[in-house]
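Here is a friendly note to read alongside the model. Please keep the 3D view open as you go through the points.

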Amino acid sequence: MKASLKSSSILTSFLICTLLFLSCRSAPQREMKITLIHSTASEMLESANSCILSGEYENANFFLAQAYTQAMTIDNYELLTSVCLGYVSLNLSYNPPYTQLANDYLTKARVFAKYAENAEKEEALCALAEVRIKITDTNQPVDYRALINLLDENEKHIRGDKYFEAQFASAYGDIYRTQKNYDAAEKEYETAAKLYTDNRYLSEIGITWYKIAQVSSLNNKKTDALKAMEKAIFYDRSAENTLALGTDYYIKGIILLKGNPTAAEKDQAKYAFEHSAEIFTAAGKGMEDLAKRSLDAAAEL
């Protein structure tokens, strides 16, 4: 009996040890990296980008400052580069743009980019920002061929990242638009719009269709321009982008009046201007001048 009890005890101990061993072996491996602060900083960056696109520059500045502090606390050079490039975008969004401040942040971004894990990609994004600054800075002569070459040299480093592929396509479009090569600009913008749409970057879709409407109008393709503007309105409405919507309707009115507008087109243009003013007025927060511009346009009809 004792022998039987002893054998049973040994068997039970063996089974317990075996179960413990198997439990340890089957448990998932512990992560060797904590990403809590990185995730929060990334969310701040995304919020800043949304605020820039919707004209909420004060909020964008707040989110960028928070993201910068968090990125510095974890010594993350990719995030630090992204924050500085976010400041570039913010300073180029003002009217008039703060190009010197944008250049200062680009210089800072390039310092951080050198130490990033994927330095080539970060430096490519800095090159993209450089192109945007040079297109925006009307006080300096622009070598458009050099800007296209700069994009060509760096585009390969962002391949596979659909968001930045779209950003590069849009930058090519901006260059061609400035050169008045409207067909080439429209083609690049359409490439960007497809990439943004396929990957659900909602705010960027509307702005890109707005650009397509602009170049179509400049290319004397009024019908195409109006169709593109309707798409811009649809996506900006989906993104709840007040600044973009008010601007969309204002530009729609401008396009409707091109050439020899019919009486119906004049009526539609007047409504577009008045509705633009209504949107800007409802938004308040510094959009009073834009509302007045739209009302003045309506009053001329």
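1. A word on terms to begin: a residue is called buried when its relative accessible area is under 20%, exposed when it is over 50%, and partly exposed in between (1.4 Å probe, protein chains only). With that in hand, E130 counts as buried at 16% relative accessibility.

2. Please bear in mind that this is a predicted model, in which local features need pLDDT of at least 70, side-chain atom pairs count only at pLDDT 80 or more, and totals for chains, interfaces and linings use all residues. Residues are numbered from 1 along each chain as its sequence is written, and side-chain values use heavy atoms, with hydrogens and water left out.

3. How confident is the prediction? The predictor's confidence in each residue, pLDDT, runs from 0 to 100. The chain averages a pLDDT of 91, and 89% of the residues score at least 70.

4. Now the overall picture. The secondary structure comes to 14 helices and zero strands, where helices (H or I, at least four residues) and strands (E, at least two) are DSSP runs numbered from the N terminus. Of the 301 residues in the chain, 41% are buried. Among contacts between residues at least 6 apart in sequence, 56% join residues at least 24 apart. The accessible surface is about 17500 Å², with 53% of it belonging to carbon and sulfur atoms; these areas come from the Shrake-Rupley method with a 1.4 Å probe, and for residues only the protein chains shown count as cover.

5. Twelve of the 17 residues in α4 are buried, among them L79, C84, Y87 and L92. The buried residues of α4 pack against α2, α3 (57-73), α5 and α6 (119-136).

6. Which residues does T99 touch, leaving aside those up to four places away in sequence? They are L92, T136 and D137. T99 itself sits in helix α5 (residues 99-114) and is buried, with a relative accessible area of 16%.

7. Helix α8 (residues 162-178) also has 17 residues and spans 24 Å between its first and last C-alpha atoms. Here 13 of the 17 residues are buried. Just after α8, K180 takes a positive phi of about 65 degrees.

8. On charged pairs, the structure holds 13 salt bridges, each being a side-chain nitrogen of Lys or Arg within 4 Å of a carboxyl oxygen of Asp or Glu. K134 and E130 form one of them, with the closest N and O atoms 2.9 Å apart. Both lie in helix α6, four residues apart, about one turn of the helix. K134 is partly exposed, with a relative accessible area of 40%.

9. Other pairs reach across the chain. K222 forms a salt bridge with E265, the closest N and O atoms being 3.2 Å apart. This pair links distant parts of the chain, from helix α11 (residues 222-238) to helix α13, 43 residues apart. E230 pairs with K252, the closest N and O atoms being 2.7 Å apart, and joins α11 to α12 across 22 residues. E155, R159, K162 and E165 are linked in a network of salt bridges.

10. K258 is worth a look as well, in the loop between α12 (242-256) and α13 (263-283). At 28% relative accessibility, K258 is partly exposed. K258 touches S217, L218, N220 and K222, not counting residues up to four places away in sequence.

11. Finally, the surface. I34, L36, I37 and I74 form a nonpolar patch with about 420 Å² of accessible area together. Patches are made of residues with over 30% relative accessible area and no salt bridge, with like charges joined within 9 Å and nonpolar side chains (Val, Leu, Ile, Met, Phe, Trp, Tyr) within 5 Å. I34 lies in the loop between α1 (2-26) and α2 (36-53) and is exposed, with a relative accessible area of 80%.

Key
Expected span 1.5 Å × (residues − 1). Contact = heavy atoms within 4.5 Å.
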